[in-house]
Amino acid sequence: MQEQKVSPKVIWSIVATAILGFSGILTETSMNVTFPELIQQFHQPMGTVQWLTTAYLLVVALMMLTSAHFNSILSKRWTYLIGWIAFVAGDVIAMVAPNFWLLLFGRLIMAVGTGFALPLVFNIIFTSVPMSQLGKFMGFGTLIISLAPALGPVYGGVVAYTLGWRAIFMIILPVALISLLIGWFNLDTEKPKGTNKFALGQFLLIGVSLTSALLALGQLESGKITVAIISLFVIAIVTMIAFIVVAKKSQHQLIDLTIFRSKALVMALLIYATSQAINLAVNFALPQYTQLTLGTTTMVAGFILMPGSLLGSAVAPIYGSMYDRNGANKPLAWGTIAFLVVMIVFSFMAPNIMTIGLTVVYALFTLARNLTFSVSMTAGVAEVKPQQSGDVNAVFNTMQQFIGAVGTTVAALFIQTTGTTKAAIASQTATGFGHLIVFSTVIVAISLIWLVVFMKTKTAK
């Protein structure tokens, strides 16, 4: 049977939105290697500077929660334009920021733009690509976006080393302009017939919940369980419960909560979240370890991550095709087991691993992790009705960013230092990095439970 063709306009629309999403993730991953420099320049501790990543991911997550609503009332072109304007405005603010707090503000505005762009990529795929080619085009979109974490550390390291960190934001502007030119001529201008009202109350409740949870995790750096930490966790739990109660009673839901009736979808989401949290934690901690413990430059720190990240990007379409041919079970099983084996090896090497070892292990880490990550979202979408794909898209993308923020925060807690000499800082960073990898290995082992339950309860192929 001949495959149904996907129009060039759809393909170019995917490219345009993916490039904007790529730009957002590129600046996020490139900034990680500049943190030791920013700590010195702005005289802020690691716990504060890491919010350039954590707060960015939090805002992206919150904006993604609104994607189902905006996709129902705005044309794809207008959704894209709002994201593009926010991204460029934030980029300019970050580029000229005279202090840390204005830099953080610019990053948050950029996050709004990224939060519009990323769900739009997959919304176009889910609504315009036949189910028989869904895995392939999910892999295609993921390929473009996943080039960002592949190039980000190298881009950030080389640019910061040669031109200074502000050039990271300057150089990305032409890329955003190319995205605009492609998107303007190809994105659909038809306005959907939806008239959904925005569930502002639900948005505020879940926003307070997620923010409180991250603030509570961040305050654990004190090493003590304080009244403030307990209070923040209580607020996070209470507001999440309130969100669920309000959403169930409302005619206009921010997210269709009925999708969570599918146990297989929930398990796929947990597999997805586990792989993302560990990925962001390692991507955050590894450049700090290489610079503070091994004494490398930002440029070398970036190059250590590059081979693995490029390999991970290159195999994304292959992994998508594996899903199209074999369904979800085999790719998820192979990926999860391989991921666990790599993490066990990594945990034995981590406290004393050197640059070559890091490069090789990180490449294996990315190849294994990306198989579970790329397949789990497609597998989750397959478990619900087609009209619910937008809600699933929003949930998975929101989880990707929020759990990434959690992973970054946890990594910062593990590698925080109290030493005042280079030797003490190097030793404490190495110890914390080793503990982080062991902790991550345990989490991957737990994800085997999610895999078994998924395989027993899934209904799709």
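Which segment does Val6 lie in? Val6 sits in the segment before α1 (8-32), where helices (H or I, at least four residues) are DSSP runs numbered from the N terminus. What you have here is a predicted model, in which local features need pLDDT of at least 70, side-chain atom pairs count only at pLDDT 80 or more, and totals for chains, interfaces and linings use all residues. Residues are numbered from 1 along each chain as its sequence is written, and side-chain values use heavy atoms, with hydrogens and water left out.

**Val6**
- Val6 counts as buried because its relative accessible area is 14%; buried means under 20% relative accessible area (1.4 Å probe, protein chains only).
- Leaving aside neighbours within four places in sequence, Val6 is in contact (heavy atoms within 4.5 Å) with Ile11, Val129, Pro130, Gln133 and Phe137.
- From Val6 to Val208 it's 202 residues in sequence and 41 Å in space, C-alpha to C-alpha.

**The α10/α11 pair**
- Val208 is one of the α10 residues that meet α11; on the α11 side, the residues include Phe233, Met240 and Phe243.
- Helix α10 (residues 200-219) packs on helix α11 (residues 227-249) at about 155°, with axes 8 Å apart; axes are lines fitted to C-alpha atoms over the stretch in contact, and angles run from 0 to 180 degrees between N-to-C directions.
- So α10 is roughly antiparallel to α11, a label for angles over 145 degrees.
- The α10 and α11 crossing is left-handed, meaning the near helix is turned anticlockwise from the far one by less than a right angle.

**Lys76**
- Lys76 belongs to helix α6 (residues 76-96).
- Lys76 is buried but has no salt bridge, and the nearest side chain of opposite charge, Asp188, is 4.7 Å away; a salt bridge needs a side-chain nitrogen of Lys or Arg within 4 Å of a carboxyl oxygen of Asp or Glu.
- Lys and Arg count as positive, Asp and Glu as negative, while His and the chain ends aren't counted.
- Beyond its neighbours within four places in sequence, Lys76 is in contact with Leu120, Asn123, Ile124, Thr127, Leu187 and Asp188.

**α14 and Asn370**
- Buried residues in helix α14 (residues 316-326) include Tyr319, Met322 and Asp324.
- The buried residues of α14 pack against α8 (134-162), α13 (298-314), α15 (329-349) and α16.
- Asn370 is in helix α16 (residues 355-381), and counts as buried because its relative accessibility is 10%.
- Tyr319 is among the contacts of Asn370, along with Gly312 and Ser313, leaving aside neighbours within four places in sequence.
- After α14 comes Gly327, with a positive phi near 80°.

Conventions:
Helix = DSSP H or I, 4+ residues; strand = E, 2+ residues; numbered from the N terminus. Buried < 20%, exposed > 50% of the residue type's maximum accessible area, 1.4 Å probe, protein only. Parallel < 35°, antiparallel > 145°, perpendicular 65-115°, else oblique.
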